[in-house]
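Visitor: I would like to learn how to read a few features of a protein model. Could you take me through them step by step?

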Amino acid sequence: MVTITNDGILPHTATSYTETISFEEGGRTLSIPIPDGTFDSGPLTPGQDYTLNTSGLEKGTYTYFCAFHPWMLGSLTVG
């Protein structure tokens, strides 16, 4: 089990992804993660927790992002 807590002042999510879409904007290449359905906390308001049961996940590293702020990225390793 892993618990994720929103310690910020804005809503966030923990949404898993494996692929991104890249595009050019203002002379920069931006990448937007595409949810893969492995896990999704849904909106977490400030102070709210989400507990992910990792027992159903295969060993490996899972990447996740905030659906509201797609530049916020993280990873979770299940061993």
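Visitor: Does Thr 18 count as buried or exposed, and at what relative accessibility?

Guide: This is a predicted model, where local features need pLDDT of at least 70, side-chain atom pairs count only at pLDDT 80 or more, and totals for chains, interfaces and linings use all residues. Residues are numbered from 1 along each chain as its sequence is written, and side-chain values use heavy atoms, leaving out hydrogens and water. Buried means under 20% relative accessible area, exposed over 50%, and partly exposed in between, with a 1.4 Å probe and protein chains only. Thr 18 counts as exposed because its relative accessibility is 61%.

Visitor: In which strand does Thr 18 lie, and which residues is Thr 18 in contact with beyond its neighbours within four places in sequence?

Guide: Thr 18 lies in strand S2; strands are DSSP runs of E with at least two residues, numbered from the N terminus. Contact means heavy atoms within 4.5 Å. Leaving aside neighbours within four places in sequence, Thr 18 touches Ile 34, Asp 36 and Thr 63. The C-alpha atoms of Thr 18 and Ile 34 are 7.1 Å apart, although 16 residues separate the two along the chain.

Visitor: How many bridges pair S2 with S3?

Guide: Two strands pair if DSSP finds at least two bridges between them. S2 and S3 (residues 28-40) are antiparallel, with nine bridges, and Glu 24 has Thr 29 in S3 as its bridge partner. Their hairpin has two residues between the strands, and Gly 26 there takes a positive phi near 60 degrees. S2 also runs antiparallel to S5, joined by three bridges, with Ser 16 opposite Tyr 64.

Visitor: Where is Thr 13, and which polar contacts does its side chain make?

Guide: Thr 13 sits in the loop between S1 and S2 and is buried, because its relative accessible area is 11%. A polar contact is a pair of N or O atoms within 3.5 Å; within protein, one must be able to donate a hydrogen and the other to accept it, and residues adjacent in sequence count only if both atoms are side-chain atoms. The Thr 13 side chain makes one with the side chain of Thr 15 at 2.9 Å, and reaches the backbone nitrogen of Ala 67 at 2.7 Å. Leaving aside neighbours within four places in sequence, the residues in contact with Thr 13 include Asp 40, Pro 43 and Phe 65.
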